[in-house]
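Please open the model in your viewer and get ready to select residues one after another, because a pair of aromatic rings is described by the distance of the centres and the angle of the planes.

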Amino acid sequence: MDFERTLWHPVARADALPAAQLFGAVLLDARIVVWRDSVGALHAWEDRCPHRGTALSLGCVRNDRLQCAYHGWQFDGDGKCAHIPALNRGLPAAQILQIYEAKEKYGMLWVRLQKSGSEIPPFPEFENAALMKVHCGVYEVATSAPRIIENFLDMAHFGFVHDGILGDTDHTEVPDYAVSNFNDARGEGILATQCFAWQPRSNATIAQGTMVEYTYRVCAPYTSILTKIPAAQNGFAEAIALFVQPVTHETSRAWFVLAVTDTGAGDDNLQAFQDTIFAQDKPIIESQSPKRLPLDLRAEAHCAADKMSSAYRRYLQDQGVGFGVIPSQRS
């Protein structure tokens with residue numbers, strides 16, 4: 001059993017899939033079709049008709065059944081063939097599709113390919129009614145999911161990749177910070193605290209430079225959440241969750257979900273700010289070679305500012321993650 005298949009992964013924003021609609025996606029190299037019936041119930045199946053192998057995502061939802069575009073075979077909510085238009089004399093032996101689990105949370109649609117005891121990664125800040133929620137993305141990225149997460153954890157690139165926004169070439173030092181394991185209401189994983197950076201414009205609502213305190217936590221292999229509080233916060237607080245869908249070993253889709261103090265900036269401005277930041281990151285991380293993240297710490301050079309990314313690589317190795325990485329051969 002592949003460990004990654006036992007985890008929940010995002011595949012779309014919830015508002016991208018209205019009732020009686022479907023779409024196709026790829027998750028961990030598996031083609032899936034996700035659809036809703038007329039009452040909004042969510043379904044996720046293998047995107048393959050058992051008759052002639054056609055992608056079911058080319059079809060449609062009719063009378064709460066998914067209908068194949070090729071010969072019109074219809075499958076009910078349990079994945080069983082319920083109608084074959086070419087036959088008027090009953091159905092052949094039952095044709096049952098490969099069914100996956102699907103849930104909706106944080107305004108996202110999640111799929112798990114293999115049943116297990118895993119939960120959707122915790123994001124407790126999303127449940128805080130005092131914070132407004134903003135969804136950003138999807139961002140299509142030609143690299144592995146772990147490369148995207150590691151970039152998110154990296155503060156040393158701020159002054160170069162995000163000069164004038166998240167960083168400044170005159171303020172590039174990364175002060176020492178603490179890395180530890182955690183296991184509490186925020187989930188279980190690794191945590192970086194006491195992370196400080198001077199930023200000319202730390203978010204879409206702040207126009208002047210300020211010191212910002214970051215906390216990073218990784219609570220699943222392809223999920224990271226940061227909180228940041230400007231020194232001159234005036235009551236402002238922000239939590240940003242990065243959820244990455246591992247499409248193939250070397251291609252991914254990423255979403256950011258923000259839980260922020262409502263300052264009147266509006267969703268459009270916050271989304272545009274995040275679009276700008278990720279557009280600066282994207283060519284950098286897509287250029288990295290290899291695209292799969294090496295877990296052997298000897299494979300790439302490191303410095304003291306890389307403590308969190310080094311801890312992330314050890315975490316992936318300890319978890320048994322094999323998708324999107326080059327595992328360490330050390331025992």
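A residue is called buried when its relative accessible area is under 20%. Keep in mind that this is a predicted model, and begin by selecting Phe256, which has a relative accessible area of 4% and is therefore buried. Next select Phe278, which is buried as well, because its relative accessible area is 4%.

Select Phe158 together with Tyr214, whose ring centres are 5.8 Å apart and whose planes stand at 45 degrees, so the pair is tilted. Phe158 belongs to helix α2 (residues 158–161) and Tyr214 to strand β14 (residues 210–220), so that distant parts of the chain, 56 residues apart, are linked by this pair. Both Phe158 and Tyr214 are buried.

Return to Phe256 and Phe278 and show their rings: the centres are 5.8 Å apart and the planes are at 65 degrees, so this pair is edge-to-face. Because Phe256 lies in strand β17 (residues 251–261) and Phe278 in helix α3 (residues 267–287), the pair ties together parts that are 22 residues apart in sequence.

To see these residues in context, select Tyr139, Phe152, Phe158, Tyr214, Tyr216, Phe256 and Phe278, which ring pairs link into a cluster.

Finally, turn to charges over rings. Select Lys133 and Phe126, where the charged end of Lys133 sits over the ring of Phe126, 5.6 Å from its centre. Then select Arg186, which lies over the face of Phe182 at 5.4 Å from the ring centre.

Note on methods. Residues are numbered from 1 along each chain as its sequence is written. This is a predicted model: local features need pLDDT of at least 70, side-chain atom pairs count only at pLDDT 80 or more; totals for chains, interfaces and linings use all residues. Side-chain values use heavy atoms; hydrogens and water are left out. Rings of Phe, Tyr and Trp (its six-membered ring) pair if their centres lie within 6.5 Å; planes under 30 degrees apart count as stacked, over 60 as edge-to-face and the rest as tilted. Helices (H or I, at least four residues) and strands (E, at least two) are DSSP runs, numbered from the N terminus. Buried means under 20% relative accessible area, exposed over 50%, partly exposed in between (1.4 Å probe, protein chains only). A charge sits over a ring if NZ of Lys or CZ of Arg is within 6 Å of the ring centre and within 35 degrees of the ring normal.
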